[in-house]
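Hi everyone, thanks for making the time. Let me put the structure up, and then I'll talk you through its salt bridges.

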Amino acid sequence: QGSSPHGFPPVPRLFAMSVRAPSAAAAARAGEGAMDGRPSARPLRASSPWIGPPVSLSTFRIGEYLWLGRAGLDEAPDSEFFPRQLYGALTLPPAKVGFAASLLLLGGMSDKRCLNDVWRLSLPRLGAQRLSDAEGVPVPPRWSVVSPHSDGEVDAHGRRLLRKWRGRFNFGCCAAQSMCGGLIIYVVGGALATGGCLNDVWASEDGGAKWFCMSAEAPWSKRAAPAVCAVSSRPDVVVVAGGMGPAAALCKDVWVSSDAGSTWTELEQPPWANITGRYRSALLPLSGEGEDGTARMLLLGGLFIDGGEGGYGGFERLLHDAWECHLDLHAASRERMASWTCWGANSEERGRAWAHLGIESATAALEPHGSTLVARLPSRDFLSVAAAAKPTTGEEPICWQQAAADDQRRRLPTGSRDGNPETASMALTYVRISSASPQSIPRLVIITPAAVLLSGGGEWKRQIRFAMLFGLRFEALFGLPGALWRGRILPALFPAVAPSRRQTMPLA
């Protein structure tokens, strides 16, 4: 028995097989091109130059990578949120069953002014679940203001009263959903336009409309750009790691809270702190919360100040290392509840030679309900993907592979990172993955300085057509009933295939 990549019940392994794609030459003769939705066969390494686009894989599993390939990139409607720098970007699941997932944009700096507004972009479902208006036109994504900017109110004594977090940029944010469906969004720390830093913690339970101050001054030092992650299915457990304090002091500490940010415990110094402090790292929740009360997270890259090549002032350099954190939620000693494992053997290599494989919180995401990492590596006009698992061989922390897709080279801006924080923040491209449920088509979200790009359903349609032709061949050669293939096999392999009829579909 095998299982589909989308959480459906087990299906016979025969129908979860790998399907061989045509060769590049044969595909060119057919006018289709290679199976361009798959990751490349050649890993992207720091030690060798990148010469042209790598060759596509010869095999793929149908039902995977539906947000790449021929999915396409559609531009979302314009928003007054932009232009903005160093803001927060989160993808949220639907508030209720049947609702659309959403992209949430928070705060940031605009025209040297720190803001605290919250905007929402609805991400309509694709495939058979897509909603249409009365005329049959698919419902487009829509912007809405969840919480407008507010500087607070001044009372009779001249004190400013804040009902939400102060305007800020370069802050930490995350969201996690409980087993019963409740969602908590966090805003942690950050920087002010005056040059100061913050160490407060705010939380929202209604999608960002109302905010509660969980800690006005947390015990950890004031800092900008901390890595923040809440435990999946346990959103009241939140972890803060690293950041940049006043006078560009790099933070090396890790803190955990089990009551949504009200109280905090400092954990033992992690092994990556022996290399360097870091800020703007990606801290992502890994799947597979253990029955013994453990949770897994992945700390990816971040930035440090490289003074070796730039004198005292130095340059911002991206890190490329990866560290897996095992969090024991029932540990006898809370200070020792975290253990860290390094992925790969080149964790201490850093600097200009490795910066082109660097990751920061804005440029990396983890596919929901799956185990695929997606990232935008510096100075590349395409996305890269990798398995969210510790490599078994080699020295690379993560074996990135090129993920070819239509429109990427045309729509993604290029330019190498020069180490200047201001220019880098203006050209930053955010990468996120959204999915309403395991039964929905994941959507790639790319936020460039010029537009918000969303993947469509083209790859899903292409694989559906291929699978339908495959079913016809099975029916002709082996007598497999077409109704069984369309009614039971396809819904197990693909999301968003006639979900309303799945329960009443005959078995044979």
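This is a predicted model: local features need pLDDT of at least 70, side-chain atom pairs count only at pLDDT 80 or more; totals for chains, interfaces and linings use all residues.

Residues are numbered from 1 along each chain as its sequence is written, and side-chain values use heavy atoms, leaving out hydrogens and water.

Now the overall picture. Buried here is under 20% relative accessible area, exposed is over 50%, and partly exposed is in between, with a 1.4 Å probe and protein chains only. The accessible surface is about 22,800 Å², with 53% of that belonging to carbon and sulfur atoms; the areas come from the Shrake-Rupley method with a 1.4 Å probe, and for residues only the protein chains shown count as cover. As for contacts (heavy atoms within 4.5 Å), take those with a separation of 6 or more: 60% of them come from residues 24 or more positions apart.

On to charges. Side chains of opposite charge can pair when their charged atoms come close. The rule used here is a side-chain nitrogen of Lys or Arg within 4 Å of a carboxyl oxygen of Asp or Glu, and it gives twelve salt bridges.

Which parts does the pair R84 and D117 tie together? Their side chains meet at 2.9 Å, N to O. R84 sits in the loop between β4 (73-75) and β5 (88-92), while D117 belongs to strand β7 (residues 113-123), so the bridge links parts 33 residues apart in sequence. R84 is buried at 10% relative accessibility, and D117 is buried at 7%.

Next, R234 and D236, whose closest N and O atoms are 3.5 Å apart. R234 is partly exposed, at 29%, and D236 is partly exposed too, at 25%.

My last pair is R462 with E459, at 3.1 Å from N to O. Both are in helix α4 (residues 458-478), three residues apart, which is about one helical turn. R462 and E459 are both buried.

Note on methods. Helices (H or I, at least four residues) and strands (E, at least two) are DSSP runs, numbered from the N terminus.
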